[in-house]
Amino acid sequence: MNKVEIIGTGSYVPSKVVDNDELSHMVSTDDEWIVSRTGIRERRISKEENTSDMATKAAVDAIKSAKIDVNDIQLIVLATSTPDDFIPSTACIVQKNIKAVNATCFDISAACSGFVYGIDIAAQFIRTGRFSTALVIGAETLSKVTDWQDRNTCILFGDGASAVILQKGDKEGIISISTGSDGSKGDALVCPAVPVNNFLSKTKVSLNKGTVSMNGKEIFKFAVKILVKLVKEMVVESGYSLKEIKYIIPHQANYRIIEFVAKKLGINPDKFYTNLDIYGNTSAASIGIALDEIYKKNLVKSGDKILIIGFGGGLTYGGIIIEVL
Ligand code: COA
């Protein structure tokens with residue numbers, strides 16, 4: 001089996017900052033409530049850029065950091081719950097934008113675990129020798145599926161994109177991977193699409209709102225449970241101690257979830273790298289934005305281990321231990 005290295009990271013967020021005060025003019029909420037329940041202070045919201053626009057910018061950033069020729073990219077996996085269109089895939093739009101003419105491209109839908117699932121898929125293609133260079137992107141324009149009148153959800157989300165380049169290499173950069181799903185609990189976080197309503201349909205259904213709704217408490221419980229489980233299991237499986245993991249990058253959903261998990265694991269919450277205070281929950285983009293930040297700020301050096309963990313709609317979850325090369 002080939003070894004897989006992460007050779008570049010990238011990210012992009014829209015320039016418009018929407019803080020909690022601005023939201024308090026739209027729904028009955030306030031900065032104190034949002035910060036104390038979630039840790040979120042502000043988020044970036046797209047004015048016109050769609051998911052492919054942000055994904056393209058994150059991809060260009062990652063290609064630059066990896067110092068590769070765009071023609072080397074043989075696979076583009078794009079994780080999103082907010083594609084530009086049903087057809088073509090957002091991955092194919094990015095391919096057109098960056099002119100990655102040698103790539104096979106497709107989208108995956110795994111909500112906030114999408115970035116982890118995407119790396120898992122790309123790594124398998126590289127390990128088996130099918131492809132040698134892959135671009136994995138997590139990108140979301142959640143603002144287009146947010147109900148801006150629903151204070152339970154609209155305070156949580158933001159827009160953004162992130163990317164990594166994986167390549168066949170001499171050293172192993174992906175130490176271990178663990179993923180799973182529980183479709184039986186899918187109702188806890190939904191964003192409905194187009195219902196069947198054709199000339200054969202007996203009952204005429206009206207179009208739904210197409211916005212996200214959620215059982216916040218269910219998701220909170222699931223997130224705490226799965227984060228604790230994955231951290232414990234993956235550390236044991238990798239043969240490293242928790243002390244040897246420099247950072248845990250969780251999906252950036254809620255700071256209170258992280259505090260709960262840190263307490264249950266008996267570790268300092270500072271081990272969890274967070275930037276949700278300034279970006280909110282950007283779903284499939286969130287882990288990659290944080291990973292890019294860690295690399296660009298030189299917070300890690302060669303040999304450091306990072307555990308990334310996603311969880312979210314589906315329900316889905318997954319973690320990867322990365323070694324910085
Ligand atoms: N501002 C002010 N009050 C709000 C509010 C807001 N933005 N949103 C909800 N409330 C109110 C509720 O209406 C409720 O009022 P009531 O008691 O009069 O009915 C009260 O605050 C408590 O609501 P509750 O839903 O119990 O709050 P909570 O402590 O569970 O926090 C979340 C709500 C959404 C912050 C929390 O459940 C959460 O973060 N869950 C995880 C969500 C998540 O991360 N989803 C994405 C995962 S990928």
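S283 sits in the loop that runs between helix 8 (276-279) and helix 9 (286-296); helices (H or I, at least four residues) and strands (E, at least two) are DSSP runs, numbered from the N terminus. Its phi is positive, at about 50 degrees, even though S283 is not a glycine. S283 counts as buried because its relative accessibility is 4% (buried is under 20% relative accessible area, exposed over 50%, partly exposed in between, with a 1.4 Å probe and protein chains only).

One caution before going on: this is a predicted model, where local features need pLDDT of at least 70 and side-chain atom pairs count only at pLDDT 80 or more, while totals for chains, interfaces and linings use all residues. Residues are numbered from 1 along each chain as its sequence is written, and side-chain values use heavy atoms, with hydrogens and water left out.

K99 is another non-glycine residue with a positive phi, near 60 degrees. You'll find K99 in the loop between helix 4 and strand 5. K99 counts as exposed because its relative accessibility is 58%.

There are cis peptide bonds to look at too. One joins I87 and P88, with omega at about 0 degrees, and P88 lies in the loop between strand 4 and helix 4. S89 is buried, at 17% relative accessible area, and beyond its neighbours within four places in sequence S89 is in contact with C105, F106 and D107 (contact means heavy atoms within 4.5 Å). The G314 to L315 bond is also cis, with omega near -5 degrees, and L315 belongs to the loop between strand 12 and strand 13.

## Two domains

The protein chain splits into domain 1 (3-171) and domain 2 (176-323), with bounds from an automatic or database domain assignment. Their C-alpha centres lie 14 Å apart. Domain 1 puts 45 residues into the contact, and domain 2 puts in 46.

Zoom in on I248: leaving aside neighbours within four places in sequence, its contacts are V231, L242, I267, K271, F272, Y273, L307 and I309.

## The pockets

The largest pocket has a volume of about 800 Å³. On a 1 Å grid over the protein atoms alone, a pocket is an open set of points where a 1.4 Å probe fits, with protein on both sides within 12 Å along at least five of seven lines, and lining residues have an atom within 4 Å of a point; volume is the space filled by probe spheres set on the points, which are joined across faces, edges and corners. Its lining has 32 residues, of which S81, T82, P83, V145 and C191 are closest to the centre. Strand 5 (104-108) and strand 9 (189-190) each supply at least two residues of that lining.

The second largest pocket comes in at about 580 Å³. Of its 24 lining residues, L156, M214, G216, K217 and N254 are closest to the centre. Helix 6 gives the most to this lining, with 4 residues. At least three lining residues come from each of domain 1 and domain 2.
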